[in-house]
Amino acid sequence: MRTGFFYSLVFAFLTTVSMAAHAAPVVKPEAGNAPLMQEVSPKSQNGKIDLNVADVPTLLRELSGVGEAKANAIVAYRDMNGPFASVDELLEVKGIGKAILDRNREKLEVN
C-alpha cells in the first residue's frame with residue numbers, strides 16, 4: 001500500500017512539472033537585435049546586370065520572363081562554358097529565346 005501511494009505522489013509531481021514546462025511562455029527574440037544583412041547585387045554602376053557574375057536569385061528578381069529553371073540554366077551554362085562573351089550568347093542557353101533576350105537586353109551586360 002505504501003509503495004502505491006509513493007508512486008502516485010511521484011506521478012503527480014512529474015505530471016505537474018511536465019505541464020509547467022509546456023505552459024511556460026515562449027520568449028520571442030526582439031526584432032531590434034536581429035543581425036543586419038547588406039544585399040550585394042551584381043549590378044554594375046550603370047544599373048545593368050552582369051551575366052558573368054549574377055546568381056540565380058538576382059536573375060529571378062531582375063529579369064522579365066525568367067523563372068527558376070531558366071535562371072538555373074543560365075548559371076549552369078556559364079559554369080560549363082565559361083563567361084559569356086556577349087549578351088547575344090544568352091540565346092544558346094536552353095529556354096532563352098529571342099523574345100526573352102529582347103525584353104531584357106537593356107538590363108544586361110557582359111564584363
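A contact, as the word is used here, means heavy atoms within 4.5 Å. Among contacts in this chain between residues at least 6 apart in sequence, 43% join residues at least 24 apart. The model is a predicted one, in which local features need pLDDT of at least 70 and side-chain atom pairs count only at pLDDT 80 or more, while totals for chains, interfaces and linings use all residues. Residues are numbered from 1 along each chain as its sequence is written, and side-chain values use heavy atoms, with hydrogens and water left out.

Helices (H or I, at least four residues) and strands (E, at least two) are DSSP runs, and they are numbered from the N terminus. The accessible surface of the chain, computed by the Shrake-Rupley method with a 1.4 Å probe, comes to about 8,400 Å², and carbon and sulfur atoms account for 62% of that area. Of the 111 residues in the chain, 24% are buried, where buried means under 20% relative accessible area, exposed means over 50%, and partly exposed lies in between (1.4 Å probe, protein chains only).

The UniProt record, an unreviewed entry, places the annotation "domain: Helix-hairpin-helix DNA-binding motif class" on residues 58-77 and 88-107; such annotations may be inferred rather than shown by experiment. In the model, residues 58-77 are 75% helix and 0% strand, with 16 Å between the end C-alpha atoms of the span. Residues 88-107 are 35% helix and 0% strand, and there the end C-alpha atoms lie 13 Å apart.

What lies in the interior can be approached through the nonpolar core, a set of buried Ala, Val, Leu, Ile, Met, Phe, Trp, Tyr and Cys residues joined through side-chain atoms within 4.5 Å. The largest nonpolar core has 19 residues, and Leu59, Ile74, Leu90 and Leu108 are the ones that touch the most other members. The elements giving two or more residues to this core are α2, α3 (68-81) and α4 (98-104), and α3 provides the largest share, four residues. If residues up to four places away in sequence are not counted, Leu90 touches Leu51, Ile74, Phe84, Ile96, Leu101 and Leu108.

Two further buried residues show how separate stretches of the sequence meet. Val56 belongs to helix α2 (residues 56-62) and is buried, with a relative accessible area of 17%. Leaving aside neighbours within four places in sequence, Val56 is in contact with Ala71, Asn72 and Val75, and the C-alpha atoms of Val56 and Ala73, 17 residues apart in sequence, are 9.2 Å apart in space. Asn104, which is found in helix α4, is buried with a relative accessible area of 1%. With neighbours within four places again set aside, Asn104 is in contact with Leu63 and Ser64, while 9.6 Å separates the C-alpha atoms of Asn104 and Val66, which are 38 residues apart along the chain.

How many aromatic pairs does a search of the whole structure find? There is one aromatic pair, and because the ring centres of Tyr77 and Phe84 are 5.5 Å apart with their planes at 25°, the pair is stacked. Rings of Phe, Tyr and Trp (its six-membered ring) pair if their centres lie within 6.5 Å, and planes under 30 degrees apart count as stacked, over 60 as edge-to-face and the rest as tilted. Tyr77 is buried at 14% relative accessible area, and Phe84 is buried at 3%.

Charged side chains can be followed through salt bridges, each defined as a side-chain nitrogen of Lys or Arg within 4 Å of a carboxyl oxygen of Asp or Glu. The whole structure has four salt bridges, one of which joins Arg61 and Glu62 at 3.3 Å, N to O; Arg61 is partly exposed, with a relative accessible area of 43%. Asp102, partly exposed at 35%, forms a salt bridge with Lys98, the closest N and O atoms being 3.2 Å apart. Both residues lie in helix α4, four residues apart, about one turn of the helix, and Lys98 counts as exposed at 55% relative accessibility. Asp102 also forms a salt bridge with Arg105, with 3.7 Å between the closest N and O atoms, and Arg105 is partly exposed at 32%. Salt bridges that share partners join Asp88, Lys98, Asp102 and Arg105 into one network.
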